Amino acid sequence: MMKQSKRKVLVWLKNCLAVFIASVMLAGLSSQALAAKPTPIDVFSDITIFPLDYLVETPPMSGQFPREDCVRDRANLNSLTCTANDVQLAQITLGSDTANTCTAGDVVTAKLNFNVKSTANIRYDWAFYTTTNPDADPLEGPGEQCLIWVGEITDDDPTTPNSQSVNGDLCTDVTKAQDAVFTDQEITFVCADKDGDTQVDLDYCATWNQNDDALCNSNGVIDPALLPTPGAPSKCNCETVTIPITVLASAPTLSKSITSGTPSSLTEAEIFAGTNTFSFDLNITNPNSTTNLVITSITDEFDGVDYDIPAGITTPPATLLEDDIYLISAIDNDGQCLESGTETITPGSTYTCTVKFVVHNLDLDDTNTSTPAVAQDYVDKFSVTWREDGLDADVGPSNDVTVSITDVPPILTVQKSANPTAIPESGVTDFDKVDYTVTFGSESGWDTITVISLGDTLLQNGKEETSGYLTGCSISGLDAGESPTCDYSVNLATAYADLNAGDVFKNTVKGTPQDEEGSSGGEESADATVQVNNVDPMVTLTKYVRAGTSSSIDPNDYDDVSTSVEEFQLEDLSGAPTVTYLFEVFNSSFEPFTIIDFVDFAKAPFSLNTPNTEYDPNLADTTPVSGDCSNLTGADKDVAVGEKVYCTLTFKVKGDEEDSVDNTAWVLVDDGEGTGTNGQDYDTDPAAVDFTPVTPALALDLGLEAIVEVTVTAASGNRETIDFSPFADILLVSTPEDKPILNGGITEFTVTNIDCTNATQTLGPNESYSCSFKVSQDSNAPTVSNLTVIEDSIKVQAQDDDGNYTDQVDAVTATIVD
C-alpha cells in the first residue's frame with residue numbers, strides 16, 4: 001500500500017535523474033546518446049489495490065462494495081485483443097501466517113508472495129485486474145467489477161529494492177532482466193477451484209504500456225483516474241494462475257420459498273372447509289464448481305417445531321383438532337426426499353424438496369400486526385446436515401418464510417316469527433298479545449359467535465317506534481348447527497293506545513356477531529309483521545213480551561219467549577186483548593256501534609240486508625197502541641261497549657185458541673270502520689203470543705137471544721167413520737148429566753130456527769157437518785137483568801160403526817160461533 005513517505009521518494013527520484021542528466025552532459029555525449037532509454041533504477045514498492053476503499057462497504061442501499069471499471073471499459077480503445085503476454089504474474093507462494101485452505105465461494109484476503117515478470121526488455125506502469133464477483137470477468141466486467149493492483153514505489157526499505165522504476169512516476173516498471181518480487185502482499189480474491197485440482201484459481205488480466213510517457217501520479221500521489229491501462233489493443237494478457245491454497249467444498253446454500261401456485265395465506269373458512277395445506281420448496285444449492293455435496297439430513301422447522309424428513313411425515317386423522325399441525329409429505333423429483341438416507345447434489349445444481357403441512361386452527365392469535373385484520377402467522381425455515389471430509393456439518397437455518405391464517409368475520413343468521421300474524425282490533429283479555437320468537441344461527445363453522453349490539457324495535461305503520469323488548473336476550477357460544485331462540489310477548493294495544501283496523505306493526509331485531517378473535521361481522525336483521533284486522537261489532541237483540549199495555553223497560557216485567565192472552569175473534573176490536581213487546585239491544589262487542597236499522601215483524605231469511613216486514617195475520621192492528629222504537633236508529637244513536645238500549649211497542653191481537661202471533665225482530669249495527677257490510681252485525685229474536693181458550697157459554701140477559709152455529713169435523717186420524725145425530729148428539733154440559741139441547745129437554749132455553757137435521761150423519765176423517773140454531777131465554781126463567789142463566793159448554797158426541805161412543809176430543813171437534 002502507498003506510504004506517507006512518497007514525497008521523499010519523489011525528491012529522491014528527481015535527484016537521481018538530475019545526476020544522470022549532468023553526467024551525460026559532462027561526458028560530451030552526442031545527440032544520439034541523449035536520445036537513449038533511461039537506465040532502470042532499483043526501488044522498493046508495495047502492491048496498492050484500487051479503489052483504495054474496496055473493503056469498505058458503501059451505503060446500505062447500494063448493497064455493493066466499491067470497484068473500478070474492468071480492462072475493456074477502462075482502456076476505452078476501439079478494439080482490444082490482449083494477444084501479447086509481455087507481463088505475467090508468476091511464482092505465487094503463501095505469505096506469513098496465511099492459511100493453506102479456504103472455503104469455496106468465500107472472498108479471501110491473504111498474504112501472498114509473487115513475482116511480476118516481463119518477456120520484453122522493459123514495460124512501463126504494469127497493473128493486474130482481478131474481480132471478486134464470480135459472475136464478472138477481469139477483461140469484460142461488465143461495469144465496475146474489478147480490483148486493480150499496481151506496484152507503488154515507497155521508501156519503507158530503500159536499502160532492499162524489490163522492483164525498478166524507469167519513467168520516474170510512482171508506478172513501478174518491470175524489465176526482462178529483473179523480476180519485481182513482492183512479499184507478504186495482502187491480496188483479495190475468490191476462493192474458487194476452476195480446474196478441479198483443489199487449488200485456488202485466480203483469473204487476472206495484466207496491462208502495461210510500451211512507452212514511458214504515461215505517468216500514473218498527480219500531485220504527488222497515484223491518481224485513480226491515471227491508473228495503468230493497455231498502451232495498445234494488444235498490450236494486455238488475461239490468464240489464470242494457481243494460488244497454492246486448497247479449496248474446501250463450500251457449504252450448501254439454503255433457500256426456502258412457498259411452492260409456486262400454492263397460497264401463502266388461508267382463511268378460517270378455507271381451513272374449516274378442508275383447504276388447509278401449506279406447501280414449501282426447500283432449495284439446497286451446491287455452490288461449488290467441481291465438488292459434489294452429500295446431504296445427510298433435512299429438518300424443517302414449522303411454527304417452532306422441528307420435523308425431520310422423512311421421519312416426521314404423518315398421516316393426519318380424519319378429524320383434526322384445534323392447533324393440529326402435521327407434515328404430510330416431502331417429495332423431490334424422484335419420490336420421497338432422502339428416501340435412501342442421503343442426497344448427492346452435483347456442482348452448481350439445486351436440489352428441491354417440496355414439503356406440505358396440514359394446519360387446523362380456527363381460534364387465531366393475532367400475531368400479524370401489520371394488517372388490520374386478525375391473522376396468525378406461521379414461520380417456516382429449514383436446516384440441513386452435509387458431509388464434509390467424512391464428517392457431517394450443519395448448515396442453516398434458511399431464510400424465514402411466513403404463511404398465515406386470516407380471520408373471517410363471523411356470519412350470523414337471524415329469523416323472526418310472530419304468532420299470531422294478525423290480531424283483532426278489539427277483544428277479550430290478551431286479544432292483542434303477540435308472541436315473538438327470534439332464532440339465531442351461524443353460517444361460520446369456523447367461529448364461535450357472541451351476538452353484540454342486540455336490539456329490537458317495533459313500528460306502528462312505519463312510525464311511532466318503541467324498543468327494549470329483547471333486554472333479557474343474550475346469545476353467546478353460538479356454533480354452527482345450533483339455533484338458540486329468544487321469546488317474548490308484546491300486548492300491542494298496551495304498547496300503542498290507538499289500535500285500529502288496518503294497522504301494521506313491524507317488529508325488527510338486529511344483531512352484530514363477534515367471533516372469538518374479537519372480529520365483528522355484518523349486522524343482521526329480521527322482522528315479523530302483524531296485521532290488525534277489523535272486528536265486526538257484536539250485537540245481541542232480545543225481544544221480550546207481556547200481556548197488556550206497559551211502558552216498563554225492565555226485562556223482569558216481561559217474558560223472554562212468549563205470553564198468552566184469551567182468544568178473541570170479534571170484529572169489534574174495542575175489547576181485543578193487548579200485548580207489549582220490549583226490545584233490548586245490547587252492545588256485546590268491544591267497541592261502540594251505531595244502530596242503523598231496526599225491523600219488527602221481520603220476514604226470514606235474515607242477513608245484513610234489511611228484511612221485509614210481514615205482519616202476523618192475528619195482529620189485530622198493525623198500528624201500535626203505544627210505544628215507539630224510532631229512537632233506536634240514527635247516526636247519533638251510538639251504543640257504548642256493554643250498554644243496553646230499549647224500546648217498547650204495544651199491539652192489539654185477536655185469534656182463536658189454535659192461533660198465535662209470531663213476531664221476530666231484526667236489528668243492524670255498524671262500527672263505522674268498515675266499507676260496505678264490513679264492520680256490521682245483525683241479530684234477531686222472536687217472541688210469541690198464544691191464545692188461551694175461553695169456555696163457550698150461553699150467557700144471556702133477559703130479552704136477549706143468541707145464534708149458535710155448530711160445526712162438527714171428524715178427526716183426521718180416525719181409522720173409521722163416525723155417526724153423528726145432531727138432535728141426539730149436540731149436548732149441553734150440565735149436572736148430573738149432559739142433555740141434548742135441540743130436543744126440547746132444557747126448560748131454561750127456547751131453541752128455535754133449527755136448521756140442523758134429525759138424520760144421522762156419517763163422517764169420514766176430516767169430513768164436517770155444520771148447522772145453526774137460535775137460543776133465547778125461556779119465559780119461565782127469573783126476570784133479573786144481566787143475570788147469567790147458564791154458562792155450560794156445548795159439546796158433541798159421536799159413535800163408531802159399532803155403536804160405541806168415541807173419545808169426543810179425538811173423534812170429533814165442535815166449533816161454536818158466539
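One term before we click anything: a residue with under 20% relative accessible area is buried, one over 50% is exposed, and anything in between is partly exposed. By that scale D527, at 38% relative accessibility, counts as partly exposed. Keep in mind throughout that this is a predicted model.

**Whole chain**

Start with everything shown as a cartoon. The protein chain has 7 helices and 53 strands. Colour by burial and 43% of its 818 residues count as buried. The accessible surface is about 39500 Å², with 47% of that belonging to carbon and sulfur atoms. Of the contacts between residues at least 6 apart in sequence, 75% join residues at least 24 apart.

**The largest core**

Now select F280, I284, I298, F302, I309, C353 and V355. Within the largest nonpolar core, which has 39 residues, these touch the most other members. Show the strands around them: β17 (277–285), β18 (293–302) and β23 (350–360) are among those that each supply at least two residues of this core. Which strand gives the largest share? That is β23, with 5 residues.

Zoom in on F280. Leaving aside residues up to four places away in sequence, its contacts include K256, I258, F302, C353, V355, D380 and V403. There is also a second, separate core of 33 residues, and A104, I187, V200 and I243 are among its members.

**Aromatic rings**

The whole structure holds 22 aromatic pairs. Pick W126 and F182, an edge-to-face pair with 5.9 Å centre to centre and 70° between the planes. W126 is in strand β6 (residues 122–131) and F182 in strand β10 (residues 180–190), so you are looking at a link between parts of the chain 56 residues apart. Buried or exposed, what is W126? Buried, at a relative accessible area of 0%; F182 is buried too, at 1%.

Next, jump to Y436 and Y488. This pair is stacked, 5.4 Å centre to centre with 25° between the planes. Y436 sits in strand β29 (residues 433–442) and Y488 in strand β32 (residues 485–491), so the pair ties together parts 52 residues apart in sequence. Y436 is buried at 0% relative accessible area, and Y488 is buried at 10%. While you're there, select K416: it lies over the face of Y436, 5.1 Å from the ring centre. For another view of this kind, go to K543, which lies over the face of F601 at 5.4 Å from the ring centre.

**Salt bridges**

Side chains of opposite charge can pair when their charged atoms come close. The structure holds 12 salt bridges. Select K194 and D203, which meet at 2.2 Å, N to O; D203 is partly exposed, at 24% relative accessibility.

Then show K506 with D527, whose closest N and O atoms are 4.0 Å apart. K506 is in strand β33 (residues 504–514) and D527 in strand β34 (residues 524–533), 21 residues apart. K506 counts as partly exposed at 38% relative accessibility.

Move on to E614 and K603, with their closest N and O atoms 3.8 Å apart. Both lie in the loop between β38 (593–599) and β39 (626–627), so this pair ties together parts 11 residues apart in sequence. For the last stop, select K256, D300 and D380, which salt bridges with shared partners join into one network.

Conventions. Residues numbered from 1 in each chain as written. Predicted model: local features only at pLDDT ≥ 70, side-chain atom pairs only at ≥ 80, totals over all residues. Heavy atoms only, no water. Core = buried A, V, L, I, M, F, W, Y, C linked by side-chain atoms within 4.5 Å. Buried < 20%, exposed > 50% of the residue type's maximum accessible area, 1.4 Å probe, protein only. Helix = DSSP H or I, 4+ residues; strand = E, 2+ residues; numbered from the N terminus. Contact = heavy atoms within 4.5 Å. Areas by Shrake-Rupley, 256 points an atom, 1.4 Å probe, with all protein chains shown as cover. Phe/Tyr/Trp six-rings, centres within 6.5 Å; stacked < 30°, edge-to-face > 60°. Lys NZ or Arg CZ within 6 Å of the ring centre and 35° of its normal. Salt bridge = Lys/Arg side-chain N within 4 Å of Asp/Glu carboxyl O.
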